[in-house]
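Thank you for making time this morning.

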Amino acid sequence: RIVDLSIYGAFSQEARNHGSVQRSLTMLRSQLSSLEDLDAVERRARAAAAVITPVAHFETRAGIFTPAPPDHAAYATVPGLLINLASAFLYMANYSLVLPTNEEFLEHIGSRGSMAGVCVGMADITAVCVSLLYGWWSNRSFKQPLIASSLLCLTGNVVYCFAWDAHAGIALPMLLAGRLLTGMGSCRAVNRRYIADFVSSKRRTAASAAFVAASAGGAAMGPLLAVPLQNIQDFKIAGFSINSITGGGYLMAGAWLVFTTFLQTVFVDPPRDDDEDVSDDDSEDQAALESSPDVEDSLSRPLLGPATEDAQKPFDMRPAYCCILSLFVLKFVQQGMISSLPEFTHQFYGWRSAFIGGFLSI
């Protein structure tokens with residue numbers, strides 16, 4: 001019996017020792033796993049720090065500086081730039097097309113000429129709202145919002161022209177709906193972003209200047225179309241009138257149809273670099289930045305370090321507020337003048353729509 005108890009005690013002691021060893025191994029594995037997680041976190045932190053682009057102090061404070069892409073990521077093509085410039089040109093021409101003929105259109109459908117400001121403002125209201133939507137949409141694609149805006153402008157022109165032959169009760173709502181759809185076709189935010197994201201620093205200035213020129217040219221071309229259109233003789237096709245007032249709308253609808261077809265055929269979305277698909281050049285850039293002393297110093301420096309004397313000074317935002325207010329006043333006066341000019345000049349000077357259009361284009 002004594003021998004059995006000794007053997008039992010020996011086995012019990014060995015079992016306890018084995019259990020302790022297993023617990024120690026389990027604890028060691030968990031600690032190694034924690035170390036591996038820390039290593040992964042460090043690698044991700046270094047990769048995130050490597051893609052940070054140094055920006056000057058005041059540009060960082062302003063929060064509006066967008067550096068140009070490197071040459072290997074400048075995916076903008078000549079057809080893509082031309083399509084975006086044509087989109088801006090056609091929209092501005094479409095927007096200002098109705099300015100010389102607004103009063104005549106409203107008189108024809110039995111409304112007051114003072115509603116001309118509402119017709120112009122409907123496009124601006126919707127353009128402000130949809131700019132945010134187009135900005136979000138361009139994160140996924142550039143071609144899709146361009147096609148959607150073109151179709152909206154095409155539909156808006158058709159509805160605008162159909163309002164000429166509509167009954168008195170629905171003519172004004174149709175006219176406003178056409179202008180609303182035209183405003184929803186404002187895709188200039190996508191045009192700007194294409195230039196900012198995919199045009200290299202060598203070509204960005206020229207591309208930006210071309211965008212401004214295209215927008216200004218479209219704004220001048222819209223009212224100027226009233227000059228050749230004044231010679232159109234009134235006629236009807238399928239019961240819908242085509243004259244010097246609705247002719248411009250049908251002309252712009254045809255232009256948007258041709259543009260949409262060309263866009264669908266030629267334009268190609270620029271490639272996008274996913275987070276998991278990093279090119280060799282990007283990997284080399286990241287490796288070089290990771291090994292730089294600035295990045296090493298930034299990683300080792302405490303996050304909440306002592307603030308410098310310059311950082312403690314409050315940033316004066318009054319110049320920025322003055323610039324924004326000046327821009328608002330400029331646009332307020334400009335839009336008020338161009339929306340009321342046709343009615344004012346027609347009543348006091350007897351100007352016709354063709355002369356008003358030529359004056360606005362200047």
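Which helices do the buried residues of H16 pack against? They pack against helix H4 (102-108), helix H9 (201-224), helix H10 (226-229) and helix H15 (318-348), where contact means heavy atoms within 4.5 Å, and where buried means under 20% relative accessible area, exposed over 50%, and partly exposed in between, with a 1.4 Å probe and protein chains only. Helices (H or I, at least four residues) and strands (E, at least two) are DSSP runs, numbered from the N terminus.

Before going further, please keep in mind that this is a predicted model, in which local features need pLDDT of at least 70 and side-chain atom pairs count only at pLDDT 80 or more, while totals for chains, interfaces and linings use all residues. Residues are numbered from 1 along each chain as its sequence is written, and side-chain values use heavy atoms, with hydrogens and water left out.

Returning to H16 (residues 353-361), 7 of its 9 residues are buried, so this helix is largely enclosed by the rest of the structure; among them are Ile356, Gly357, Gly358 and Leu360.

Now to helix H11 (residues 246-266), whose 21 residues should span 30 Å at 1.5 Å a residue, and whose end C-alpha atoms are 30 Å apart, which agrees; the expected span is 1.5 Å times one less than the number of residues. The buried residues of H11, including Met252, Trp256 and Leu263, pack against helix H3 (78-96), H4, helix H6 (143-162), H10 and strand E2 (240-242).

Finally, what about charged pairs? The count comes to 1 salt bridge, defined as a side-chain nitrogen of Lys or Arg within 4 Å of a carboxyl oxygen of Asp or Glu. Asp197 and Arg193 form this bridge at 2.8 Å, N to O, and both lie in helix H8 (residues 188-198), 4 residues apart, about one turn of the helix. Asp197 is partly exposed, with a relative accessible area of 24%, and Arg193 is likewise partly exposed, at 25%.
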